Amino acid sequence: MKALVIGCGRVGSTIALTLHQEGWDVVVIDEKEDALSRLGESWRGAFVVGHGMDTDLLREAGIEEADAVVAATDGDNTNIVIGQVAQKRFGIDCVVVRVLDPARAEFYAGRGMRTVCPTSVAIDALMETVRSCEVPRLEVL
Amino acid sequence: MYVIVAGGGKVGANVARSLLRIGQEVTLIEQRRDRFERLENEFEHQVQRGDATELFVLERAGITRPPDIMLALTGDDEDNMVICQLAKEKYLVPKVIARVNDPRNQAHFDLLGISPTVCATSSIMALVEHEVPEHDLIHLLELRKENLEIVEVQIDRDSPVAGKRVEGLKLPEGARLISVMRDGQAEIAVGSTTLQAGDQVLAILEPGKEDELRRVLLSR
């Protein structure tokens, strides 16, 4: 099983490391060479420097043989476009896209894209935690 | 006519200004504070500050009316693609026009069905190619909707087709010769037309088949 992870920030690097631990063959793409350090010294997967919108670079990274693509750069629109390129040009079924803006995440989810919105996830978790606190209830007179 | 212009840089601001001058209704959207403040002096209530890929910003600019045209003219190709998709598919704006900043992203705009697009670099290169004599194949016209393009090929002395009839050529599938220009006179290319060194040939073909055509006509 081969996965392409585009964007090697906090999120992308952790996903890459976890998939790698789970036995996936992982290729990481990031614009900055420095991002490699996030994967740690023991990283044995591949790392390609370049922009995830560059089709030649995606091919070089082996997108044609990939079973999964994760778009996790810090740009919502970049992730949305990369996700569609992976889906439509390379025919990859498992494309997961990080979109911070809940509105755009919902719109593209409605068009068949697997979007994950960390903002909505955080709001839900925070709300649940607040509700679970034991605070004195307001007395209704 | 109502037009929303996303992106208040040189291109967006000049387009907005030109539209206002011919009496159209315009809302310009600019994200950067410094630019917005400068634009506000000139455009007053007709410029709004915000990220034009955010739904509430588009809605505040009146995209639900919807406008007759959405112009995505920011300096960021990903943003322009998302703006066009939102405008077309969520808000049913009848016409979108997108600016392509990096010509390498043209394929992505095409993949997402965003058309028409305008790319300054490509337009300039097309004009330059026309002037460079050693360019053996020149792009004259792209018919994006039809997925066809028209190119001009210069037949030279070393060309394997010099002296051959058009009907005998093994052209790439989907490619046709349109006309032959010789001594300043153009003729429609028919089966019996014989090609000669010095001819300028117009051909119509699918984009991406240029190399095949070049091999047949010029063997390179």
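Residues are numbered from 1 along each chain as its sequence is written, while chains are lettered from A and ligands numbered from 1 in the order in which they are written. In this predicted model, local features need pLDDT of at least 70 and side-chain atom pairs count only at pLDDT 80 or more, whereas totals for chains, interfaces and linings use all residues.

Chain A contains an open sheet of six strands with parallel pairing, in the order 3-2-1-4-5-6. Helices (H or I, at least four residues) and strands (E, at least two) are DSSP runs, numbered from the N terminus, and two strands pair if DSSP finds at least two bridges between them. Strand 3 (46-49) and strand 6 (114-116) of chain A form the edges, each pairing on one side only. From one strand to the next, the twist averages 20 degrees.

Strand 1 of chain A has four of its five residues buried and is thus mostly covered; a residue is buried if 20 or more other C-beta atoms lie within 10 Å of its own, exposed if 12 or fewer, and partly exposed in between, with C-beta atoms placed from the backbone. Strand 1 of chain A runs parallel to strand 2 (residues 25-30) of chain A, to which five bridges join it. Within this pairing, Leu4(A) has Val27(A) in strand 2 of chain A as its bridge partner. The two strands and helix 1 (residues 10-21) of chain A make a right-handed β-α-β unit; a crossover is right-handed if, with the strands pointing away from the viewer, the path from the first strand over the helix to the second runs clockwise. Strand 1 of chain A is also joined to strand 4 of chain A, again in parallel, by four bridges, and Val5(A) stands opposite Val70(A) in strand 4 of chain A.

Strand 4 (residues 68-71) of chain A is linked in turn to strand 5 (residues 94-98) of chain A by four bridges, and these strands run parallel. Ala71(A) lies opposite Val97(A) of strand 5 of chain A. Helix 3 (residues 76-89) of chain A packs on the sheet, where it touches strand 1 (2-6), strand 4 and strand 5 of chain A, and its direction makes about 175 degrees with that of strand 5 of chain A. Axes are lines fitted to C-alpha atoms, for helices over the stretch in contact, and angles run from 0 to 180 degrees between N-to-C directions. Residues are in contact if their C-beta atoms, placed from the backbone, lie within 7 Å.

The contact between the chains takes 15 residues from chain A and 14 residues from chain B. On the side of chain B that touches chain A, the elements giving two or more residues are helix 4 (77-90) and helix 5 (106-111) of chain B. Helix 4 of chain B gives the most, with six residues.

Two cis peptide bonds are described in chain B. One runs from Arg65(B) to Pro66(B), with omega near -15 degrees, and Pro66(B) belongs to the loop between helix 3 (55-60) and strand 4 (69-72) of chain B. Another joins Ser115(B) and Pro116(B), with omega about 0 degrees. Glu44(B), although not a glycine, has a positive phi of about 50 degrees. Glu44(B) is exposed, with 8 other C-beta atoms within 10 Å.

Key: Contact = placed C-beta atoms within 7 Å.
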